[in-house]
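Let's take a walk through this structure together, starting with its aromatic rings and then turning to some backbone details. Please have the viewer open as you read.

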Amino acid sequence: MKVMERVESQTGQKGSLSSEPHFPATVKAIRDNIIHHLMSFQGRDPERSGAKDVYKALAYTMRDIMVEKWISTQKTFYAKEKKRVYYLSLEFLIGRSLGNSMTNLGMLEAAKKAVEDLGFDMAEIRDQEEDAALGNGGLGRLAACFMDSIATLKIPAYGYGIRYEYGLFFQQLIDGYQVEGPDNWLADGTPWEFERSLPLFNIQFFGNVTSYQDENGNYRVRWVNTKDVKARASDIMVPGYRNDHVINMRLWSAQSSRELDLKDFSRGDYIGAVESKVSSETISKVLYPPDHNYAGQELRLKQQYFFVAATFQDIMRRYKKKHDTFDKFTDIVAVQLNDTHPAIAIPELMRILLDIEGIGWEVAWNITVNTFAYTNHTLMPEALERWTVDMMGRVLPRHLQIIYEINRRFLADLAESYPGNERKIRDLSIFEEGPVKMVRMAHLAIIGSHSVNGVAELHSQLLKERIFPDFHNFFPGKFNSKTNGITPRRWLLDVNPELADLISSRIGFGWITDLDQLRGLETLVDDHEFCAKWRGIKLDNKNALAEYIHKTAKLTVNSESMFDIQVKRIHEYKRQLLNALHLIHFYHRIIRGEADNRAPRTAVFAGKAAPSYWRAKLIIKLITSISNVVNNDPRVKERLKVVFLPNYNVSQAEIIMPAADLSEQISTAGTEASGTGNMKFSLNGALTIGTLDGANIEIREEVGEENIFIFGMTADEAEFERRNVSRTPHQICRENEEINDIIEAISDGCFSNGDKTLFQPLVKSLMDKHDPYLLMLDLESYIECQNRVSDMFLDQDSWTRMAILNVARMGKFSTDRTIKQYAEEIWGIPVGEK
């Protein structure tokens, strides 16, 4: 009996597609609904339908169940006048929805049987779904995990974002180079959304600002002569885990304010009318355009304001159904800003309160600050968003005025506290003075929010001590920490069902919604039968990944080898290059005959580099070039294989995570805000090799330092080295012949067919004593740590024990815990109340 069957039998829920008796949940009912949707929604003959048709019909069946529960959930929100959370995120990396929906609705086994009755395999059906890649990486995937936990904890909330027509680009590898293509995930439509004809909101851009006196003699402002765009909503349902609670993400699409501009028609300019419509709809066309040119920056700012303005019109629509004044606004509305991308919401709410509602500044500002909370996701100064004053004033002239006034009043308060301290006033101002005057959106978010949180303890500490120390001192108590997490429903129950079955057979099912219950596994580390089953499941998962590698990369790998995996966005601070240097070192040892006592490895990389980030793309080329040399060298045999899997996305991660033996989390200490891939790997029984960075520190605290492989400098030591340079890369090469051999191999063209120039930019950055990512200074420690990893992997009993303890001690890293903290400590919403 599988997990979901046991859960169904324990809860007594098997037998209903929903909680309503008129919709019985038998396999026959699901099968009949699939057939109904094939004919009525898709116009297909059930006897001639293919896997894609059946996938859509099954998705519509699940959506039917969810919308019924969603309507009931919404009625509860209104009836009880509950405070609602609006989670604003420019990214939601949803991935595929079918598996998660069936799991959370308790329908997985019944749906599987119904599909089999129709002559299809569920794995084939699930594989028909396109990934909804509406995010670049961790930030967007965190937002999607948050939605799952919010629904499971029954928190009244909505996610708001953009319905990008094209998601994160499709990555191909051509001759080892990344080549980007369009990711048209909506080419065949999606069965998961409800496109809404209403509400349809008007969004303004450009124009100018005029002032006037109202009937009471008050100064008022109008934003006029604007170019307008319409925002249309699409809702995607998010079910909680087996609790009849369904929330929605509302994603906005841009469309022309009129289907075609009649003024252009009257002049006979049909093409001009079409171009105007297309330009308007570009706003929601593609996820995050490259911002290396002015047009790209303007489009990104327009995207941010577009979804924020639409969202606040929706918030006001909902609030005004029952309220005539704004006295209770902050009792009913909480808005979480997921990074600085939605920070333009702060002046937007002020604009609404001042210009439309006629509320005075002090009252409006008090409402605004108590409405917003801001999550910071980065320690990289260059990632803190800034806009030129010129562009902000052109695209959003009224908002720039409001930001100037927010800043004027803030600086006046600052001057009272720090009289004569011009440096502090300059450093904390929203405006950065210079040749090009800039608006610092992180400063605006901090000043305009009642809470500012980091996403791991180290990250939050560094925000207070290194990135924003003056703000922390001026706003005592505003900064706090909320360590990120992952949803165990997707990242264990759904992606690793064999392991979930094994766990549940020994400790029960409570861990699915209370991850701390995994602690019950600690008593099983010496149970030989349990450990043998654990290893067998890991091998099954590795075989599945090996099959995927063979299909995708045409490479045969040994499933008995150590699967050493680094999958994440390609960036210098994440140090995929450090991993590559170790692989060259290991390759050298193999061909010198010095690796007989080392565990064989399959090194797996995946991840996308930003299209304009040429150095990151060159790192991909180096890794694929190492792969080409190593995999074709007959001296290596089965001791080392290197593969870079193209087009990393959520569904690829769902194959990779359960198969990993070793998880590479090797960013320079003090650069990674948190990381959530580290948590997904550990929850699936991989051991971590990592630096004391981001959430690695808290993972070590939870699993025990004896169950994780830590190397390299601390954040403080890394900062000291940046300032003082105690050892240069050239010194390290002179003192360590093996490391010198690594650098020389790259320089001499060993991995570039003799071309000594191809990888020189990487060699130059490695040998630069001011390398901000300190690869050479951590390389010796990393190699030594990898040797310890190899020794431990050869002792499979000890390795299995460590893996079980990692899973057992991952309770802290559930987004259920994270969201409970947000709800109770930031949003003021008790969790667990009826």
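A residue counts as buried when its relative accessible area is under 20%. Keep that cut-off in mind as you look at this predicted model.

Now for the rings. Across the whole structure, a search finds 31 aromatic pairs. One of them joins Phe468 and Phe471 in an edge-to-face arrangement, with 6.1 Å from centre to centre and 70° between the planes. The two rings also belong to a cluster linked by ring pairs, together with Phe410, Tyr418, Phe474, Phe475 and Phe479.

Elsewhere, Arg222 lies over the face of Tyr212, at 3.8 Å from the ring centre.

Next, the backbone. Most peptide bonds are trans, and most residues other than glycine have a negative phi. Against that background, have a look at the bond between Leu198 and Pro199, which is cis, with omega at about 0°. Pro199 lies in strand E9, residues 193-205.

Asn225, in the loop between strand E11 (219-224) and strand E12 (227-239), has a positive phi near 55°. Arg575 has a positive phi of about 60° and is found in the loop between strand E21 (562-567) and helix H23 (576-591).

Which of these is buried or exposed? Asn225 is exposed, because its relative accessible area is 62%, while Arg575 is buried, because its relative accessible area is 0%.

Definitions and conventions. Residues are numbered from 1 along each chain as its sequence is written. This is a predicted model: local features need pLDDT of at least 70, side-chain atom pairs count only at pLDDT 80 or more; totals for chains, interfaces and linings use all residues. Side-chain values use heavy atoms; hydrogens and water are left out. Rings of Phe, Tyr and Trp (its six-membered ring) pair if their centres lie within 6.5 Å; planes under 30 degrees apart count as stacked, over 60 as edge-to-face and the rest as tilted. A charge sits over a ring if NZ of Lys or CZ of Arg is within 6 Å of the ring centre and within 35 degrees of the ring normal. Helices (H or I, at least four residues) and strands (E, at least two) are DSSP runs, numbered from the N terminus. Buried means under 20% relative accessible area, exposed over 50%, partly exposed in between (1.4 Å probe, protein chains only).
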